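Please keep the structure in view while reading.

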Amino acid sequence: MSKKIAIGGDHAGFAYKKEMIVKLEAAGYEIKDFGPYSDASADYPDFVHPLADAIEKGEFEQGILICGSGNGVAITANKHQGIRAALCWNQDLAALSRQHNDANVLALPARFISFDLALELAEVFLSTEFEGGRHATRVNKIACK
């Protein structure tokens, strides 16, 4: 069974999202696109909240959000108690977000990185395991009760 990944963002991330879906599906991932479905101006919370809800419900293992800076989608996703969204722009951050923070959503800044780097970061994020141990103790303290 392939890993189920939710993907979404805003109009600034649309082109990267569209191309990333093709690449990730070719690599064997099962992808659901939460939108937007064009590069017309759009409000990212309209796409991020449904994506985050679906991850919290266990419908998807992880998510990828792509917008201009990556900040808006990360801030919005992190309003959800079961989401740990990490804004990443290099491979070390993508790996550490998984290893140490058990991040379940990758936020990418399309206006600041190339598509090739965005794809590399997604591959690192999706293939890196959480280390657990002392990091699990910390991660378990993140959510507000």
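## A residue in helix α6

His135 lies in helix α6. This is a predicted model. The relative accessible area of His135 is 4%, and this residue is therefore buried, the cut-off being under 20%. Apart from neighbours within four places in sequence, His135 is in contact with Gln99, His100 and Phe130. Helix α6 covers residues 134-139 and also holds Arg138.

## Annotated binding site

Which residues does the UniProt annotation "binding site" cover? According to this unreviewed entry, they are Asp10, His11, Gly68, Ser69, Gly70, Asn71, Gly72, Asn101, Arg111, Arg134 and Arg138. These residues span 129 residues in sequence, and the farthest two C-alpha atoms are 38.6 Å apart, so they do not all gather at one spot.

Gly68, one of the annotated residues, is placed in the loop between β3 (62-67) and α3 (71-77). With a relative accessibility of 4%, Gly68 counts as buried. Not counting residues up to four places away in sequence, Gly68 touches Asp10, Ala12, Pro109, Ala110, Arg111 and Phe112.

## The sheet

An open sheet is formed by five strands with parallel pairing, in the order β2-β1-β3-β5-β4. At its edges stand β2 (30-33) and β4 (85-87); each has a single partner strand, so one side of each is left without a neighbour in the sheet. On average, neighbouring strands of this sheet are turned by 25° against each other, direction ignored.

Strand β1 (residues 4-9) runs parallel to β3 and is joined to it by five bridges. Within this pairing, Ala6 has Gly63 in β3 as its bridge partner.

## Salt bridges

Side chains of opposite charge can pair when their charged atoms come close. How many salt bridges does a search of the whole structure find? The search finds three. One of them joins Asp33 and Lys17, with the closest N and O atoms 2.8 Å apart. This pair links distant parts of the chain, since Asp33 is in strand β2 and Lys17 in helix α1 (residues 14-26), 16 residues apart. Asp33 counts as partly exposed at 24% relative accessibility, whereas Lys17 is buried, with a relative accessible area of 1%.

Arg84, Arg98 and Asp102 are linked in a network of salt bridges. Asp102 meets Arg84 at 3.3 Å, N to O, and Arg98 at 2.9 Å, N to O. Both Arg98 and Asp102 are buried, while Arg84 is partly exposed, with a relative accessible area of 21%.

Conventions: Residues are numbered from 1 along each chain as its sequence is written. This is a predicted model: local features need pLDDT of at least 70, side-chain atom pairs count only at pLDDT 80 or more; totals for chains, interfaces and linings use all residues. Side-chain values use heavy atoms; hydrogens and water are left out. UniProt positions are given in the numbering used here, feature names are shortened, and annotations may be inferred rather than shown by experiment. Helices (H or I, at least four residues) and strands (E, at least two) are DSSP runs, numbered from the N terminus. Buried means under 20% relative accessible area, exposed over 50%, partly exposed in between (1.4 Å probe, protein chains only). Contact means heavy atoms within 4.5 Å. Two strands pair if DSSP finds at least two bridges between them. Axes are lines fitted to C-alpha atoms, for helices over the stretch in contact, and angles run from 0 to 180 degrees between N-to-C directions. A salt bridge is a side-chain nitrogen of Lys or Arg within 4 Å of a carboxyl oxygen of Asp or Glu.
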